[in-house]
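The sequence and the structure are shown first.

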Protein chains: 2
Amino acid sequence: MTVRELCLRGREAIPALQSASGKQRNDALLAMAKLLMRDAELILEANKKDLSGAAENGVPAQMIDRLTLTESRLGAIASALEEVAALPDPLGLGEEWVRPNGLSIRRVTVPIGLIAMIYEARPNVTADAAALAVKSGNCVVLRGGKEAFFTNCAMVNSLREAMVSVGLPADCISMPEDPSRETATQLMQLRGVVDLLIPRGGKSLIRSVVDNASVPVIETGAGNCHVYVDASADVNMALSVVDNAKRQRPSVCNAAEGLVVHREIADTFLPLLRERLVDVEFRGCEETCKILPDCIPATEEDFYTEYNDLILHIKVVGGVEEAISFINAHNTGHSEAIMTESITNANRFTAGIDAAAVYVNASTRFTDGGEFGFGAEIGISTQKMHARGPMGLSALTTVKYVAWGNGQIRG
Amino acid sequence: MTVRELCLRGREAIPALQSASGKQRNDALLAMAKLLMRDAELILEANKKDLSGAAENGVPAQMIDRLTLTESRLGAIASALEEVAALPDPLGLGEEWVRPNGLSIRRVTVPIGLIAMIYEARPNVTADAAALAVKSGNCVVLRGGKEAFFTNCAMVNSLREAMVSVGLPADCISMPEDPSRETATQLMQLRGVVDLLIPRGGKSLIRSVVDNASVPVIETGAGNCHVYVDASADVNMALSVVDNAKRQRPSVCNAAEGLVVHREIADTFLPLLRERLVDVEFRGCEETCKILPDCIPATEEDFYTEYNDLILHIKVVGGVEEAISFINAHNTGHSEAIMTESITNANRFTAGIDAAAVYVNASTRFTDGGEFGFGAEIGISTQKMHARGPMGLSALTTVKYVAWGNGQIRG
């Protein structure tokens with residue numbers, strides 16, 4: 001079956017899913033959780049097959065870790081589905097008003113239609129994305145990384161059976177038979193068939209989607225995030241936040257890649273930070289290198305780089321306005337933080353920075369659906385259209401205006 | 001100045017406009033209205049120049065009418081700006097919540113940045129778009145049709161002077177010096193410079209933008225709208241609504257292009273409609289042609305066509321489900337209406353139809369920012385992402401999450 005045929009089958013399942021009740025959609029999610037656990041043996045076997053393939057192909061250790069399923073990880077995946085089932089229904093929400101001519105207009109949230117996900121070798125995304133899509137009334141085509149192909153096949157089989165078990169079409173959830181790059185490219189170009197494409201993964205995946213897609217896309221995840229340490233910052237708080245933003249989980253998009261520090265505090269702050277972040281490589285501007293003679297000089301390229309690693313680029317500035325200009329010129333619109341005791345500077349920073357999330361005296365690591373209180377998330381949007389920041393269920397809905405009249409015509 | 005340079009100047013004006021108060025933005029709109037009237041003579045002279053050029057180039061009468069400015073039309077344009085000034089401020093709206101760790105998160109509406117408009121020879125759009133953009137804190141590049149070039153130059157001069165008169169940069173509003181097709185193509189490809197492109201005009205303009213744009217786009221205006229007359233319809237109400245939807249202003253996007261009629265009522269309804277819509281050309285399916293022997297047979301192509309003219313395509317169906325399938329297969333997702341006395345069928349229709357606006361017993365002509373009570377509109381979105389249906393000021397905003405903490409780090 002071609003990717004186009006697969007997506008057309010997904011579209012055929014739309015009316016049945018869209019007319020399902022909220023309870024039926026939740027029951028589908030609970031059945032998914034149950035069948036993933038029932039089929040645990042098959043799924044873990046398939047995962048072993050993927051893991052041995054990955055080992056043969058010299059896949060990096062970090063990716064192997066993400067790819068690996070265990071009984072307990074599968075249990076966590078199933079629990080996450082139950083949590084999504086327990087979230088409020090994102091559909092049918094709205095407001096209603098009556099126009100002077102008696103026309104009653106209701107703005108109501110409705111599903112988007114057919115959503116395609118392109119992502120890397122993370123089996124948990126397969127289940128999460130299916131659950132968020134079905135909960136929001138959307139059919140979904142899951143195109144995961146080829147390293148996880150057998151795992152995804154096994155999981156999608158269980159997920160499809162779960163749909164059927166509650167009286168919904170299996171084709172609400174599907175995946176291409178062919179895990180090659182070509183299938184991803186085809187998905188990007190099915191204008192009028194795929195209503196929304198969400199790429200989730202590294203910079204090159206996102207870039208390829210943005211360059212090649214003719215279908216609507218929500219860009220996610222690129223994070224060149226900064227912490228700006230103002231002259232008035234509480235030094236210990238700043239040390240703790242920079243440490244957390246850089247080191248707590250360096251591989252993720254909301255980790256800090258850059259430090260911007262006020263000239264008046266740089267002499268004090270940078271040596272203390274150097275002492276504390278012993279395992280982090282610093283790449284600094286000229287002034288940073290004067291204060292820290294062992295620091296590697298940063299190139300202009302460095303300031304644009306999301307390392308996803310224990311490396312930090314550092315820039316010394318003369319004040320909050322210069323910090324804002326520097327960050328806006330280099331960032332990816334994800335998450336930015338200011339450490340300051342000055343309310344004026346905090347307000348200037350939060351107003352001036354162009355990013356999905358702006359923090360005052362807190363770590364950039366909180367940009368995340370769970371941490372924001374949205375429940376599960378399908379990704380973190382770094383664009384401004386449709387959704388920005390952590391995307392929960394509401395980002396997977398659109399609106400429809402339903403107007404009831406009694407013969408109104410326009411004069 | 002190249003289009004790119006023009007847009008970069010627009011970007012430089014963003015911080016000043018984004019830090020302006022709501023009052024200052026409203027003052028800018030009131031100054032625009034005042035200066036357009038002060039400069040009426042210059043603008044009307046420029047318009048005469050455009051009109052004589054258009055006459056020489058054999059521009060169709062309908063377009064000449066849209067292009068023509070008079071003292072009173074200019075007065076209406078200025079009043080519309082004052083009405084936009086009086087609308088509530090769309091910026092800074094939001095909700096705030098506190099997470100268990102004490103982090104206070106506020107979701108707040110903010111401007112998008114630099115918006116580009118590509119539109120046809122309608123001088124009122126120049127003023128409307130500038131007003132909606134500035135009111136929502138966005139800088140704007142206005143690329144109107146070349147037929148209105150001199151008019152737009154004169155108007156944009158006044159609008160820019162209005163910005164300066166309230167202490168804001170002239171470059172918040174600008175237009176390319178070159179009205180060729182090339183400038184439109186360049187605007188479509190300024191990724192990272194143009195935050196949002198809104199094309200407003202005919203099918204070929206929208207198609208060209210969707211095919212060529214690498215910047216985010218909101219598609220507007222394509223309207224292959226239908227009225228479905230159910231078996232249970234009130235015949236007189238249905239006649240009146242079809243008449244209104246087709247004939248009240250056939251050139252606009254929310255006019256009906258198609259009639260879908262239940263087999264049980266077709267024998268009665270179609271001859272009555274034929275009698276009433278004497279100046280409308282009917283193009284019908286086989287069953288329609290049996291009932292109305294003089295009817296022109298419709299091709300499959302007809303059923304996809306937005307005529308914007310006194311032509312109606314007609315399809316006879318066996319019930320509401322067939323009507324929904326037929327409409328969803330051919331429509332453009334704009335506006336669809338059902339005429340029925342059956343609540344069940346009304347509910348099936350409003351749930352099953354995939355369109356921005358769905359009407360029960362009312363004309364499709366109401367899909368419009370003013371008619372919906374949104375005040376002015378920048379266009380009618382026929383896409384599902386970001387905005388759908390009439391787009392008022394809120395469609396020109398995005399959100400930012402601003403989080404205040406006191407040293408929160410992620411565990």
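## Burial and overall form

A residue is termed buried if 20 or more other C-beta atoms lie within 10 Å of its own, exposed if 12 or fewer do, and partly exposed in between, with C-beta atoms placed from the backbone. By this criterion, 53% of the 411 residues of chain A are buried. The model is predicted: local features need pLDDT of at least 70 and side-chain atom pairs count only at pLDDT 80 or more, whereas totals for chains, interfaces and linings use all residues. Residues are numbered from 1 along each chain as its sequence is written, and chains are lettered from A and ligands numbered from 1 in the order in which they are written.

Chain A contains 17 helices and 16 strands, where helices (H or I, at least four residues) and strands (E, at least two) are DSSP runs numbered from the N terminus. Its radius of gyration, taken over C-alpha atoms, is 24 Å, close to the 22 Å from the globule rule (2.2 Å times the number of residues to the power 0.38), so chain A is as compact as a globular protein of 411 residues. The C-alpha trace of chain A spans about 70 × 70 × 35 Å along its principal axes.

Contacts are defined by C-beta atoms, placed from the backbone, that lie within 7 Å. Among contacts in chain A with a separation of 6 or more, 72% join residues 24 or more positions apart.

## A four-stranded sheet

In chain A, four strands form an open sheet with parallel pairing in the order β5-β4-β3-β6; two strands pair if DSSP finds at least two bridges between them. The edges are β5 (173-174) and β6 (196-200) of chain A, each pairing on one side only. β4 (139-143) of chain A runs parallel to β5(A), joined by two bridges, and A:Val141 stands opposite A:Ser174.

Helix α7 (123-135) of chain A packs on this sheet, touching β3, β4, β5 and β6 of chain A, and its direction makes about 165° with that of β4(A). Helix α9 (181-188) of chain A lies across β3, β4 and β6 of chain A at about 145° to β4(A). Axes are lines fitted to C-alpha atoms, for helices over the stretch in contact, and angles run from 0 to 180 degrees between N-to-C directions.

## Contact between chains A and B

Chain A and chain B each contribute 49 residues to the contact. On the side of chain A that touches chain B, β16(A) supplies the largest share, 11 residues. That side has 25 nonpolar, 17 polar and seven charged residues; Ala, Val, Leu, Ile, Met, Phe, Trp, Tyr, Cys and Pro count as nonpolar, Asp, Glu, Lys and Arg as charged, and the others, Gly among them, as polar.

β16(A) also pairs in the parallel sense with β13 (357-362) of chain B over five bridges. A:Tyr401 stands opposite B:Ala357 in β13(B).

Conventions: Contact = placed C-beta atoms within 7 Å.
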